[in-house]
Amino acid sequence: MKNTYLQLVQMISGILAGLLLAVHIGVQRLDVILGFLGIYVSNTLSFNSMIERAKQISWVTLYIMLLFFAMLHASNGLYKISVEMNLSRTSLRLSIIFIILVGLIFFILGAYTPITLFMK
Amino acid sequence: MQMKRFRENNLGIFGWLWAGNYRLERYLYTLHRITGLGLILFGIFHLTVTTVFRIQGKNVWDSAMSFLDNPIFKIGEFLVLIAFSFHALNGLRLIIHEIGFALGKPVPPIYPYTDAIRRNRALTLILMVIAMLMIVAFITNSVLGGWK
């Protein structure tokens, strides 16, 4: 039953992470094509543009939600691969602990920066 | 009495590549795994760059960006966009199939056996074409002078 719930989490987190990532990648990497559609973004990689986005609650929320769903999806995916690898029980437990720890560290690291910049 | 633990998957990771009679969907599964792992590796790199360098201010950020502005990293970014396009669309296909849509009609299990996904490949082909169009959009954007 646990794996059934995890599969549901994997599907939902995948859809949400995919949608949020599409917004992120679209703004960062489809500037000319978005311009044809009347959405103007430019120089998104510059420090000033980044700080400007970091001051807007909508972007901060989007980044943190994207990070959360992407981490959930990635950790769950790695767990599924570990299960399929037919590891011994101890190795599987260790790999699960490792996956959760790395996921948490990167979530905290990733969430800390936009929150700090937003608060400044 | 202790139960014997059978090792059914003896091929391990090599079973992703070939274990006999693989078809399109099986290779899509393998590519889904490979692109997923690639995206995780990129995500770790991307998070490190955008957090550790960004928090240190404009000068550190600008020097990091000028270091990353070279053909090797540009090709790497294209590969990430290709991986994202494929992984997202193939993931959508898996979800649609898993909730029971776009499957082939049931048939009696008579040899040579076929499965419901192989009997209806329209969704697979449509979504792979959309993934290709996304990749073309990224390339077009770059050719038109975007993505500086």
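The conversation below takes up the terms one at a time.

Visitor: What kind of model is this, and how are its parts numbered?

Guide: This is a predicted model, in which local features need pLDDT of at least 70 and side-chain atom pairs count only at pLDDT 80 or more, while totals for chains, interfaces and linings use all residues. Residues are numbered from 1 along each chain as its sequence is written, and chains are lettered from A and ligands numbered from 1 in the order in which they are written.

Visitor: How many helices and strands does chain A have, and what makes a run count as one?

Guide: Helices are DSSP runs of H or I with at least four residues, and strands are runs of E with at least two, numbered from the N terminus. Chain A has 5 helices and 0 strands, giving the order α-α-α-α-α from the N terminus. Chain B has 4 helices and 0 strands, in the pattern α-α-α-α.

Visitor: How does the radius of gyration of chain A stand against that of a compact globule?

Guide: The radius is taken over C-alpha atoms, and the globule rule is 2.2 Å times the number of residues to the power 0.38. For 120 residues the rule gives a value near 14 Å, but chain A has 18 Å. For the 148 residues of chain B the rule gives near 15 Å, against 21 Å in the model. The C-alpha atoms of chain A fill a box of roughly 55 × 35 × 20 Å along the principal axes, and those of chain B one of roughly 65 × 50 × 25 Å.

Visitor: What makes a group of residues a nonpolar core, and which residues touch the most other members here?

Guide: Such a core is a set of buried Ala, Val, Leu, Ile, Met, Phe, Trp, Tyr and Cys residues joined through C-beta atoms within 7 Å. The largest one holds 23 residues, and those touching the most other members include Phe69(A), Met71(A), Phe84(B) and Leu89(B). H4(A) gives the largest share of this core, 8 residues.

Visitor: How do you know which residues of H5(A) and H1(B) meet?

Guide: Two residues are in contact if their C-beta atoms, placed from the backbone, lie within 7 Å. On this basis Phe106(A), Leu109(A), Gly110(A) and Thr113(A) in H5(A) meet Ile44(B), Leu47(B) and Thr51(B) in H1(B). These residues divide into 4 nonpolar, 3 polar and no charged; Ala, Val, Leu, Ile, Met, Phe, Trp, Tyr, Cys and Pro count as nonpolar, Asp, Glu, Lys and Arg as charged, and the others, Gly among them, as polar.

How values were computed: A residue is buried if 20 or more other C-beta atoms lie within 10 Å of its own, exposed if 12 or fewer, and partly exposed in between; C-beta atoms are placed from the backbone.
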